[in-house]
Amino acid sequence: MNFNLTKTQQLFMQMIREFAEKEVKPLAAEIDEQERFPQETVDKMAKLGLFGIPVPKQYGGAGGDNIMYTIAVEELSRCCATTGVVVSAHTSLCAAPILENGTEEQKVKYLPKLASGEWIGAFGLTEPNAGTDASQQQTTAVLEGEEWVLNGNKIFITNAGHADVYVIIAMTDKSLGNKGITAFIVEATTPGFSIGKKELKMGIRGSATAELIFSNCRIPKDNLLGKVGGGFAIAMKTLDGGRIGIASQALGIAQGAMDETVKYTKERKQFGKSISAFQNTQFQMADLQTKVEAARLLVRSAAFKKDEHVPFSADAAMAKLFAAETAMEVTTKAVQFHGGYGYTREYPVERMMRDAKITEIYEGTSEVQRMVIAGKLFGK
Amino acid sequence: MDKSQYKNVYVFVEQRDGVIQSVALELLGKARNLADALGEKVIAMFLGDKIGNSAQALIEYGADEVILVENALLKDYVTEQYTQAVYQLIMHFNPSIVLFGATTIGRDLGPRLAARLGTGLTADCTKLEISEDTKELMMTRPAFGGNLMATIMCTEHRPQMSTVRPGVMQKCAQDNSRKGTVTKFEPKFDTAKFKVKLVKTVKEDKGLIDIADAKVLVSGGRGVGCKEGFDKLRALADVLGGEVSSSRAMVDAGVMPHDRQVGQTGKTVRPDLYFAFGISGAIQHLAGMEESEFIIAVNKDKFAPIFKVADLGIVGDVNKIVPLLTDRLKNKR
Amino acid sequence: MSMKILVCVKQVPDTTEIKINPITKTLIREGVPSIMNPDDKGGLELALQLKDQTGAEITVITMGPPQADVVLREAFAMGADRAILLTDRKFAGADTLATSNALAGAARTLDWDLIITGRQAIDGDTAQVGPEMAEHLDIPQISYVAGLEYDGKKFTVKKETEEGYQVLEFEGKCLLTVLASSYKARYMSVGGIVDAYNKEVEIWSADKIDLDESKLGLKGSPTRVIQSFTKGLKEAGEVYEVDTEEAVGIIISKLKEKYII
């Protein structure tokens with residue numbers, strides 16, 4: 001048992017922390033304010049290989065591990081949660097399912113472009129009537145000759161409009177229920193595919209979240225991902241991995257809020273002393289940092305298990321559940337510690353509080369995580 | 001080594017386009033103190049092309065003797081040409097101490113010479129004294145980003161050499177009546193070693209420097225009020241060779257651009273001198289400037305928090321104090 | 001034949017993170033991160049740009065304790081091809097002259113066309129090791145390098161000065177000292193990081209370099225630090241409530257006292 005990061009992971013931490021501080025943090029308030037996708041940061045991240053961290057070198061990736069990937073999302077999110085989720089959705093929800101389920105041809109075709117960041121990836125599962133109950137898919141895919149024809153809508157899709165390739169879940173045989181669900185790879189330029197309404201959100205406002213519309217969208221037969229009827233399993237497994245990413249994002253937001261609060265409470269003086277000198281501040285902050293550290297251990301443990309190819313589904317759920325709720329608690333208290341200033345946009349904690357909320361919702365709400373954990377506990 | 005063979009305090013006199021640089025006169029002032037403490041002479045090493053007319057000025061600023069090296073090859077500073085000339089001069093005259101300005105010239109020439117001579121060199125000194133017991137040179141300089149001061153000696157090698165930051169030492173008052181000698185020295189150049197060619201020297205108006213790099217910042221807040229108020233701060237900054245910066249309030253009011261803002265959401269600065277005019281000192285502002293070397297605050301509210309971090313506080317009207325201060329400083333120059 | 005570049009780097013404490021213990025008045029070094037010296041990183045960036053342009057081969061060398069290995073790994077992850085760590089107790093206590101002698105001694109055993117160093121290190125700020133090394137190797141130097149062009153034969157260099165800049169030219173071997181402000185270093189790439197620890201850092205002791213031992217370390221150092229101390233901490237200043245005339249007088253006398261004017 002070893003809790004230390006490897007030297008490689010430490011070197012990676014050094015790089016990503018500096019990158020986040022220098023390139024990501026200065027834009028965080030602006031992209032939030034303008035609800036603008038951080039394309040310039042995406043371009044910089046692409047150059048460094050941040051869109052292909054756990055993708056093997058043979059497919060143009062960096063050949064890193066999932067621990068490095070969690071560190072990346074944590075450190076980016078510590079400065080800007082929007083930037084964190086761009087990487088997370090791309091890596092966990094698009095590159096990973098293609099890597100894990102794709103044919104050799106698909107991997108060779110898509111992974112080098114995704115890993116280099118030349119193409120951005122996204123994932124479409126959620127529909128107006130298929131949220132937590134993902135089995136109620138209404139988007140359909142029908143095989144006509146050499147093509148699959150997709151029809152339907154997906155909503156709340158992260159990276160929508162900026163992504164070049166989407167992993168899409170659709171119903172191929174409604175009579176089979178979950179076993180009638182199939183996964184596909186859809187390129188953004190495919191006729192019949194379009195982007196619908198862009199959501200105006202509370203937090204992660206720089207992240208593009210929009211509707212995907214499929215209207216007789218014809219994709220080649222070869223763009224089937226995995227087996228016909230295997231889509232539900234792919235979606236669930238993909239979300240297991242994705243939850244490690246979102247847990248990392250939540251962890252980063254929480255740590256970022258802690259950092260800001262430590263700094264502020266040391267500087268802010270009331271009744272003649274720094275508010276950090278008051279025991280109330282110290283004890284509350286000690287409790288919060290303990291939770292943040294616990295979240296970090298859960299996140300890394302889940303990532304470690306994924307790297308070791310042992311089951312990690314419940315671990316990922318626990319990591320996401322705990323990290324997300326910790327992020328919400330820490331950011332709420334961070335605003336409180338900042339007092340009136342915390343409620344203004346002069347300080348980043350109000351943004352962090354708005355950003356934290358989504359981590360309790362997307363890629364499975366906290367309730368879904370509890371279902372997953374309970375499922376493991378009581379046996380399904 | 002027989003140290004008694006080495007005598008006198010030598011100053012490398014930096015000139016650019018024939019104009020003696022201020023740092024050279026400051027070094028002569030310091031060399032005067034050191035030579036007096038040793039009972040030795042101050043000798044100016046003056047290199048260039050057709051510069052002989054200026055040699056007398058060096059005597060008036062404290063040199064006992066000027067060693068004049070005039071050669072067309074020395075018109076502009078180039079490393080190898082100057083290294084050869086000064087090296088031969090040092091080998092010929094055996095100085096005990098040699099001082100250079102810590103400029104892009106002195107910090108290029110000094111180490112090259114030190115290596116050729118096989119002696120020590122202490123960079124960027126802020127203090128030089130002669131040890132009372134041993135008569136050795138004690139050189140003090142900042143290290144670790146200015147967090148630490150170190151006193152350094154070079155007891156077993158000669159000459160003892162150091163570079164000195166511009167603006168640190170005091171020049172002597174110019175004295176037209178001072179007498180001294182001018183000696184010509186002619187080095188032999190090995191032109192085969194001149195491998196770097198100077199194509200051109202360009203002077204450029206560097207314009208506004210980044211406030212984070214400025215040594216002097218004249219900063220204004222609500223108490224300065226308007227654009228005209230900041231014009232007055234600009235005039236003061238110009239006299240002091242500094243830059244104008246601002247609190248957040250004046251940036252939000254559109255009076256100053258964002259790149260001039262000091263504080264939490266602006267820039268963190270640590271200049272040698274920071275003027276806070278009409279800045280109350282909100283915590284966000286203090287976070288960006290409290291590590292400045294010396295802080296002078298002027299504010300009409302005597303309870304303004306800025307006074308807690310200021311080294312000197314004045315309760316008064318900014319709009320009266322700034323113009324008068326600017327005037328006084330101008331007339332002094 | 002591709003160009004061969006030797007880049008000298010130093011591991012330094014991040015001096016912006018150093019604090020003074022207010023009671024003992026000593027430097028608090030614990031918890032201060034060690035980093036690749038910024039100007040040296042700028043130098044490595046210049047070398048990497050030449051590699052991008054010409055396919056140059058980059059060897060990075062550092063002198064320091066075994067822990068300095070990490071800056072060489074960083075150099076690998078940025079794109080360097082070979083790394084050498086000079087580490088030996090005999091190097092300890094070196095001033096700039098002894099350091100430059102050791103580096104020059106190592107350089108003599110290597111094959112290179114160009115040597116690049118940073119202008120100065122943030123722990124010492126001396127700017128001396130580069131020029132001293134050039135002298136030992138009997139090659140020209142250009143310090144304060146803020147720009148460089150290479151046409152396949154001739155180098156054209158922009159050197160920053162107080163009033164502007166100079167343009168200098170050379171062909172053949174030379175040592176350049178580089179400004180970080182002009183060469184914003186690239187980040188390590190993720191793929192480079194993954195490979196960094198799979199490459200070999202060559203460990204060289206004093207007997208591996210071409211230099212007389214008497215010129216190394218403390219023995220080879222003409223200068224000695226005889227005393228070091230921290231500057232006194234700031235005390236709360238005085239506040240005057242006086243008329244304008246007097247106020248200006250007080251300010252001017254303070255400025256004089258502080259040698260600002």
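Visitor: How is the model numbered, and what ipTM and pTM does the predictor give the complex?

Guide: Residues are numbered from 1 along each chain as its sequence is written, and chains are lettered from A, with ligands numbered from 1, in the order in which they are written. This is a predicted model, so local features need pLDDT of at least 70, side-chain atom pairs count only at pLDDT 80 or more, and totals for chains, interfaces and linings use all residues. The predictor gives the complex an ipTM of 0.93 and a pTM of 0.86.

Visitor: What pLDDT does chain C average?

Guide: pLDDT is the predictor's confidence in each residue, from 0 to 100. Where it is low, the predicted coordinates should not be read in detail. In chain C, 94% of the residues score at least 70, and the average is 92.

Visitor: How many helices and strands are there in chain B?

Guide: Helices (H or I, at least four residues) and strands (E, at least two) are DSSP runs, numbered from the N terminus. The C-alpha atoms of chain B fill a box of roughly 65 × 50 × 40 Å along the principal axes. Chain B holds nine helices and 18 strands.

Visitor: How far apart are the C-alpha centres of the two domains of chain B?

Guide: The bounds come from an automatic or database domain assignment. That assignment gives domain 1 (3-193) and domain 2 (216-332). Their C-alpha centres lie 38 Å apart.

Visitor: What percentage of the residues of chain B count as buried?

Guide: A residue is buried if 20 or more other C-beta atoms, placed from the backbone, lie within 10 Å of its own; with 12 or fewer the residue is exposed, and in between partly exposed. Chain B has 333 residues. The buried share of them is 53%.

Visitor: Which residues of the largest nonpolar core touch the most other members?

Guide: A nonpolar core is a set of buried Ala, Val, Leu, Ile, Met, Phe, Trp, Tyr and Cys residues joined through C-beta atoms within 7 Å. The largest one has 259 residues, and helix H6 (residues 231-267) of chain A gives the most to this core, with 14 residues. Among the residues that B:Phe46 touches, leaving out those up to four places away in sequence, are B:Val13, B:Ile51 and B:Leu68. The residues that touch the most other members are B:Val11, B:Met45 and B:Phe46.

Visitor: How many residues does chain C bring to its contact with chain B?

Guide: Two residues are in contact if their C-beta atoms, placed from the backbone, lie within 7 Å. Chain B brings 62 residues to this contact. The side of chain C divides into 29 nonpolar (Ala, Val, Leu, Ile, Met, Phe, Trp, Tyr, Cys and Pro), 16 charged (Asp, Glu, Lys and Arg) and 20 polar residues (the others, Gly among them). Chain C brings 65 residues.

Visitor: Which residue stands opposite B:Ile314 in E15(C)?

Guide: Two strands pair if DSSP finds at least two bridges between them. Strand E18 (residues 312-315) of chain B and E15(C) pair in the parallel sense over three bridges. Opposite B:Ile314 stands C:Tyr240.

Visitor: Which helix gives the most to the side of chain C that touches chain A?

Guide: This contact takes 12 residues from chain C and 14 residues from chain A. Helix H2 (69-78) and helix H5 (190-196) of chain C each supply at least two residues of the chain C side. With five residues, the one that gives the most is H5(C).

Visitor: Which residue is the bridge partner of C:Thr117 in E12(C)?

Guide: Five of the five residues of strand E12 (residues 174-178) of chain C are buried. Five bridges join E12(C) to strand E8 (residues 114-118) of chain C, and the two run parallel. The partner of C:Thr117 is C:Thr177.

Visitor: Where is C:Ala127 found, and is this residue buried or exposed?

Guide: C:Ala127 has a positive phi, near 65°, and is not a glycine. The residue is found in the loop between E8 and H4 of chain C. Because 27 other C-beta atoms lie within 10 Å, C:Ala127 counts as buried.
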